[in-house]
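Please look over the chain shown here. The report below walks through its fold, its sheet and one surface patch.

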Amino acid sequence: VNLKARAGDGGRLFGSVTNIQIEKALKAKGLNVDRRKIHLDEPIKTAGDYEVPVRLAADLTVPLKLSVVSDS
């Protein structure tokens, strides 16, 4: 999943990426995943590539590959 966010010098984001933005990006691709199942230890504050664990069932957690890129 690719997410665009406003970033300054060095890839530091203005604000942060949270599980709510990830949920919206997944819905735009036709995937309905509740934001409470997307586990971020803390909000993402720099551009880059991340693996975010998504808990689909009690015993099934899958990594979601997320790329945060600058929109400017």
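What follows goes from the whole chain to single residues.

This is a predicted model, in which local features need pLDDT of at least 70, side-chain atom pairs count only at pLDDT 80 or more, and totals for chains, interfaces and linings use all residues. Residues are numbered from 1 along each chain as its sequence is written, and side-chain values use heavy atoms, with hydrogens and water left out.

**Overall fold**

The protein chain holds one helix and five strands. Both are DSSP runs numbered from the N terminus: helices are H or I with at least four residues, strands are E with at least two. From the N terminus, the order of elements is β-β-α-β-β-β.

The C-alpha trace spans about 40 × 25 × 15 Å along its principal axes. Of the 72 residues, 26% are buried. Buried means under 20% relative accessible area, exposed over 50%, and partly exposed in between (1.4 Å probe, protein chains only).

Three strands form an open sheet in the order 1-5-4, with mixed pairing. Strand 1 (2–5) and strand 4 (48–57) are the edge strands, each pairing on one side only. The twist averages 35° from one strand to the next. Its axes are lines fitted to C-alpha atoms, for helices over the stretch in contact, and angles run from 0 to 180 degrees between N-to-C directions. Two strands pair if DSSP finds at least two bridges between them.

| Strand pair | Direction | Bridges |
|---|---|---|
| strand 4 and strand 5 | antiparallel | nine bridges |
| strand 1 and strand 5 | parallel | four bridges |

A hairpin joins strand 4 to strand 5 through two residues. Across from Val52, the bridge partner in strand 5 is Leu64. Val54 stands opposite Val62 in strand 5. Ala5 faces Ser70, also in strand 5.

**A surface patch**

Val62 lies in strand 5 (residues 60–70). Is Val62 buried or partly exposed? Val62 is partly exposed, because its relative accessible area is 30%. Together with Leu56 and Leu60, Val62 forms a nonpolar surface patch with about 230 Å² of accessible area. Patches take residues with over 30% relative accessible area and no salt bridge, joining like charges within 9 Å and nonpolar side chains (Val, Leu, Ile, Met, Phe, Trp, Tyr) within 5 Å. A salt bridge is a side-chain nitrogen of Lys or Arg within 4 Å of a carboxyl oxygen of Asp or Glu. Accessible areas come from the Shrake-Rupley method with a 1.4 Å probe; for residues, only the protein chains shown count as cover.
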